[in-house]
Amino acid sequence: MSDLVNKLRYRSHYRGCRENDHLLGGFADKYLVTFTEKQLIQFADILELEDNDLLSWMLGYQPVPPKYCNEVMMLLLEYAKIQAQHSI
């Protein structure tokens, strides 16, 4: 499972959109080592989504479509909210 964690951490930090690199990379650094296999798969699925959609959801500009609402997405949204409050 450590190979998957390393792969997901790398993909989180190098997405091509600096804002997403920061939010997803920080999230990965904080949570990946604590995730179950199911949660790792959920996070891998999140990383397949479009950068613009993810950023819009993480910043609260658009609601997350129900099909993407899962445990990890909710944790990611909470993480992004906290990060946004700290950057003000």
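**Entry 1: ground rules**

I worked on a predicted model, in which local features need pLDDT of at least 70 and side-chain atom pairs count only at pLDDT 80 or more, while totals for chains, interfaces and linings use all residues. Residues are numbered from 1 along each chain as its sequence is written, and side-chain values use heavy atoms, with hydrogens and water left out.

I took helices from DSSP runs (H or I, at least four residues), numbered from the N terminus. I called a residue buried under 20% relative accessible area, exposed over 50%, and partly exposed in between, with a 1.4 Å probe and protein chains only.

**Entry 2: salt bridges**

How many salt bridges are there? I counted a side-chain nitrogen of Lys or Arg within 4 Å of a carboxyl oxygen of Asp or Glu. The count is three.

I looked up Arg 9 and Asp 29, whose closest N and O atoms are 3.2 Å apart. Arg 9 is partly exposed at 23% relative accessible area, and Asp 29 is partly exposed at 41%.

I then took Arg 11, which forms a salt bridge with Glu 48 at 2.7 Å between the closest N and O atoms. Arg 11 belongs to α1 and Glu 48 to the loop between α3 (37-47) and α4 (51-58), so the pair ties together parts 37 residues apart in sequence. I noted Arg 11 as partly exposed, with 22% relative accessibility. Glu 48 is exposed, with a relative accessible area of 56%.

Arg 15 and Asp 51 also meet in a salt bridge, with 2.7 Å from N to O. Here the link runs from the loop between α1 and α2, where Arg 15 sits, to Asp 51 in helix α4, 36 residues apart. Are Arg 15 and Asp 51 buried or exposed? Both are buried.

Two packed helices are described by the angle between their axes and the distance between the axes. I used axes that are lines fitted to C-alpha atoms over the stretch in contact, with angles from 0 to 180 degrees between N-to-C directions. Angles under 35 degrees count as roughly parallel, over 145 as roughly antiparallel, 65 to 115 as roughly perpendicular and the rest as oblique.

α1 and α3 pack at about 30°, with axes 11 Å apart. That makes α1 roughly parallel to α3. I listed the contact (heavy atoms within 4.5 Å): Leu 4, Val 5, Leu 8, Arg 11 and Ser 12 of α1 against Leu 40, Phe 43, Ala 44 and Leu 47 of α3. I sorted residues with Ala, Val, Leu, Ile, Met, Phe, Trp, Tyr, Cys and Pro as nonpolar, Asp, Glu, Lys and Arg as charged, and the others, Gly among them, as polar. The contact of α1 with α3 has seven nonpolar, one polar and one charged residues.

**Entry 3: the partners of α4**

α4 packs with helix α5 (residues 71-86) at an angle of about 65°, the axes being 9 Å apart. That makes α4 roughly perpendicular to α5. Leu 54, Trp 57 and Met 58 of α4 make the contact with Met 73, Leu 76, Leu 77 and Ala 80 of α5.

α2 and α4 pack at about 60°, with their axes 10 Å apart. α2 and α4 are therefore oblique to each other. Glu 19, Asn 20, Leu 23 and Leu 24 in α2 meet Asp 51, Leu 54, Leu 55 and Met 58 in α4. The contact of α2 with α4 divides into five nonpolar, one polar and two charged residues.

**Entry 4: what is covered**

How many residues of α4 are buried? Six of its eight residues are buried, among them Ser 56 and Trp 57. The buried residues of α4 pack against α2, α3 and α5.

In α3, I found buried residues including Gln 39, Gln 42 and Ile 46. The cover over the buried residues of α3 includes α1, α2, α4 and α5.

I checked Ala 28, which lies in helix α2. Ala 28 is buried, at 0% relative accessible area. Not counting residues up to four places away in sequence, Ala 28 touches Arg 9, Ser 12 and Phe 43.

Note on methods
Helices (H or I, at least four residues) and strands (E, at least two) are DSSP runs, numbered from the N terminus.
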